[in-house]
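Dear colleague,

I am passing a structure on to you, and below it you will find notes on what turned up in it. Please read them with the structure open beside you.

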Amino acid sequence: MYITNVSQLIGRTPLIDLQVNIPNHSHIFAKLEMFNPGGSIKDRLGQFLIADGIKRQVINQNTTIIEPTAGNTGIGLALAAQQHHLRTILVVPEKFSYEKQQLMQALGATIINTPASEGITGAIEKAKSIAQEIDNSYIPMQFANAANPATYYQSLAPEIIQDLSEQKITAFVAGAGSGGTFAGVAKYLNEQDAGIKNIVVEPEGSILAGGPAHSHRTEGIGVEFIPPFFDTISIDQIMTISDDDAFYQVRQAAKNLGLFIGSSSGAALAASLKLAESLPENSNIVTIFPDSSERYMSDQIYSK
Ligand code: PMP
C-alpha cells in the first residue's frame, strides 16, 4: 500500500493502553496525536478549516489565510494551505516554541510575532488588524469558529469509540487551549454514553479554575478567556496541573514508556494518574497526547 499525498496521513492515530501500574486496576488510554504528518492534533483542524472555508466560498485560490496561533494550529493550517497553494500568515506570540515556528516557515508560511506579554489575545488583535490591510484575506479564527469543535466531533471522537469498542469509558481527560478538542470530543462521547465524566486539564495561570492569568511553561493549553464552545458541554471537573508536574510526567513517559510527549501531554498524563486514584476499580480513562517533545527541545523540555 502507498499514499499519494501527506494529507492522507491525517487522523486514524493509534490509541495506546499505557499499562501504568494503578492499584485499582484502572487503565489509561492515550490517543497519540503526534503521529499526524505535521506532528500534532492540529493537522486535523488545519485540514478541516481550509476545507470548510472552501466549501463556504470564503476561501478561493487567491485568498490569504491569517490565523493567531500558539503554533500547532499554524503548522496544521500551513500544511493544508500548502496543499491548496494558499498564502498563509500566522500570528504567534513570541514565547512559543522555536521549532514550531521553523516548521511553519518551512511549509511556506509567513510568521508575525506579537509580544509574549500580550498573550494569545494580543495575537488575535494583530491578526484582525493585518486582515484589514489585505484584500481577500480570511481568518478561520479557531477560538470562535464552530468548525473547530466540529473537527474533533467528526474525526477524533469517533476514532476513540471505534478503538475502544470492547471497553466502557469512565472518564475523558484532556487539556484546553482553544477548547475545540475538548468540546468536540466530550460532546460526541456523551452522546454515546451520558455517564462518561469530562475532566478538563489546565496549567497554573489558566483562568478556568478561577485563578489569575499568568504565564506558564506548559505549552498549548491554558486559557485567557472561557472558550465559547464550552457552552454546549458539561464539565465535571477541572484539574490544575503545575508545570513541574507536567514536565515530570514528560520525563517519566520517555523513560518508562518510550514515548516522546509534549508538555500538554505531560499535564494530561499527570491529571489522568491523579484522577485514577479516585475512580472505582477497573475504570477506563481516555486522554489525548496532542504532540511530541521533539518540538520543544530548544525549551530544554527534558532538562528542567
Ligand atoms: N496541546 C497542544 C500541544 C496544542 O498545541 C493545543 C492547541 N493549542 C492543545 C493541546 C489544545 O487543543 P485545543 O486548542 O483544541 O483546546
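In what follows, Ala, Val, Leu, Ile, Met, Phe, Trp, Tyr, Cys and Pro count as nonpolar, Asp, Glu, Lys and Arg as charged, and the others, Gly among them, as polar. This is a predicted model, in which local features need pLDDT of at least 70 and side-chain atom pairs count only at pLDDT 80 or more, while totals for chains, interfaces and linings use all residues. Residues are numbered from 1 along each chain as its sequence is written.

By class, the shell around the ligand has 5 nonpolar, 11 polar and 3 charged residues. The ligand is surrounded by 19 residues, of which Gly 177, Ser 178, Thr 181, Gly 220 and Ser 264 are the closest (a residue is near a molecule if its C-beta atom, placed from the backbone, lies within 6 Å of it).

The protein is divided into domain 1 (6-36 + 146-299) and domain 2 (42-138), with bounds that come from an automatic or database domain assignment. Both domains give residues to the shell around the ligand, so the ligand lies between them. Their C-alpha centres lie 24 Å apart, and 22 residues of domain 1 are in contact with 19 residues of domain 2, where contact means that the C-beta atoms of two residues, placed from the backbone, lie within 7 Å. By class, the side of domain 1 that touches domain 2 has 6 nonpolar, 11 polar and 5 charged residues.

Leaving aside neighbours within four places in sequence, Val 201 is in contact with Val 173, Ala 174, Gly 175, Ile 221, Met 239, Ile 241, Ala 267, Ala 268 and Ala 271.
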